[in-house]
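Subject: Structure for you, with notes

Hello,

Here is the structure to look through. Please open it first, then read the notes below it.

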Amino acid sequence: MSDRYCVLGNPVGHSKSPLIHHAFAVQCRQPMSYQAILAPIDGFADSVRRFVAEGGRGANVTVPFKEQAFQLANRLSSRATVAGAVNTLLFDGDAMVGDNTDGAGLLRDLTLNLAFPLAGRRVLLLGAGGAARGVVAPLLDEGPAALVIANRSAARAEDLARHFATTATVVGGDYQALAGESFDLVINATSASLAGELPPLPPGIFAAGSLAYDMMYGDGARPFLALADRQGAARLADGLGMLVEQAAEAFHLWRGVRPDSAPVIAMLRGVVPDPAARR
Ligand code: NDP
């Protein structure tokens, strides 16, 4: 009998995780199945317990349950503790281990797939929600010259920066405070595009040779990347690589083998439009 895994979310129908993990399982010859489960908004914990009772071995967790998964896990990895959110659960006897692979996924996409080293670079992170929180520590580990966090609610960005301010490298604030500054890497970790809006970036933010990266992928990333293109970013990338890399990290945790993400990114690119392709 094959081992069972799932992704829990609400909504979850749009999730590419079943496609990704099925491809990993075939590639790595792992006897496992993976399904999407729509958990009721007020019934996340019950859905997890039911899945475990049915023999589930692990789960991915997506919007809006990452904080609830953090509360539910009875053991946490250090990166989940730092992020305050869990996107991967591993069920092992009575242990429900919570991990967060979003930061590792972003870093692998930036440094390996996009060959963009961060040491000594000036990095701007837009947004201070769950996704932003999960990537601050891994970004700082790469040794950037500066990490500035800008958010619509400035207090959230300031809190986030303060939380990680073991060095003077990280500061937080609002968008107005960015006037006159420029960055080598600008990461959009806001969900502004969902509301048909854009983070209000002052002109001159993109330094020569800079990379604009949107954690959203496909058409969802198009508005921000078009703005970055107009404002002079040299390179554009959406979050499809991050999506596959965070899944690869979860797969490694569950199965002990690391899949090759490149063919899976290429396969998904066949069904997800590339907003970074310049017209
Ligand atoms: P949250 O809801 O936790 O945070 C949303 C963030 O966006 C907040 O900082 C919020 O600011 C900001 N925001 C929302 N609307 C606007 C707006 N109109 N103008 C400016 N800022 C706005 O979401 P997450 O952090 O979980 O996710 C953020 C994005 O990252 C999503 O699009 C998600 O799809 C993507 N993501 C991609 C992943 C991948 O693997 N590619 C993995 C994880 C996330 P405020 O605090 O002021 O409300």
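Ala115 counts as exposed, at 55% relative accessibility. On this scale, buried means under 20% relative accessible area, exposed over 50%, and partly exposed in between, with a 1.4 Å probe and protein chains only. Ala115 sits in the loop between α5 (102–113) and β7 (122–126). Helices (H or I, at least four residues) and strands (E, at least two) are DSSP runs, numbered from the N terminus. The phi of Ala115 is near 50°, a positive value in a residue other than glycine.

Some ground rules. This is a predicted model, where local features need pLDDT of at least 70, side-chain atom pairs count only at pLDDT 80 or more, and totals for chains, interfaces and linings use all residues. Residues are numbered from 1 along each chain as its sequence is written, and side-chain values use heavy atoms, with hydrogens and water left out.

Backbone points

Arg29 also has a positive phi, about 50°, although it is not a glycine. Look for Arg29 in the loop between α1 and β2 (32–38). Arg29 is exposed, because its relative accessible area is 73%.

Now the cis peptide bonds. One joins Asn10 and Pro11, with omega about 0°. Pro11 is in the loop between β1 (3–9) and α1 (17–27). A cis peptide bond also joins Val63 and Pro64, and omega there is about 0°. Pro64 belongs to the loop between β3 (56–61) and α3 (66–72).

The two domains

The domain assignment gives domain 1 (3–100 + 241–278) and domain 2 (103–238). Such bounds come from an automatic or database domain assignment. The C-alpha centres of the two domains lie 24 Å apart. In the interface, 21 residues of domain 1 are in contact with 29 residues of domain 2. Contact means heavy atoms within 4.5 Å.

The ligand

Where does the ligand lie relative to domain 1 and domain 2? It lies between them, because both give residues to the shell around it. There are 21 residues around the ligand, and Ala131, Asn151, Ser153, Arg156 and Glu197 come nearest. A residue is near a molecule or strand if one of its heavy atoms lies within 4 Å of it. The shell divides into eight nonpolar, eight polar and five charged residues. Here Ala, Val, Leu, Ile, Met, Phe, Trp, Tyr, Cys and Pro count as nonpolar, Asp, Glu, Lys and Arg as charged, and the others, Gly among them, as polar.

Next, the polar contacts. A polar contact is a pair of N or O atoms within 3.5 Å; within protein, one must be able to donate a hydrogen and the other to accept it, and residues adjacent in sequence count only if both atoms are side-chain atoms. A side-chain N or O atom of Ser153 is 2.5 Å from an oxygen atom of the ligand. For Arg156, a polar side-chain atom lies 2.6 Å from a ligand oxygen atom. Leu243 uses its backbone: an N or O atom there lies 3.5 Å from an oxygen atom of the ligand. Taken alone, the ligand exposes 930 Å², and the protein buries 79% of that. These areas come from the Shrake-Rupley method with a 1.4 Å probe; for residues, only the protein chains shown count as cover. The elements that give two or more residues to the shell are α6 (130–141) and α9 (240–255).

Start with Asn151, in the loop between β8 (146–150) and α7 (154–163). Is Asn151 buried or exposed? Asn151 is buried, because its relative accessible area is 8%. A polar atom of the Asn151 side chain lies 3.2 Å from the backbone oxygen of Ser153. Leaving aside neighbours within four places in sequence, Asn151 has contacts that include Arg156, Asp174 and Tyr175.

Then take Ser193, in the loop between β10 (183–188) and β11 (206–214). Ser193 is buried, with a relative accessible area of 14%.

Finish with Val171, in strand β9 (residues 170–173). Val171 counts as partly exposed, at 43% relative accessibility. Not counting residues up to four places away in sequence, Val171 touches Leu147, Val148, Ile149 and Ala161. Val171 and Pro64 are 107 residues apart in sequence, and 27 Å apart in space, C-alpha to C-alpha.

Best wishes
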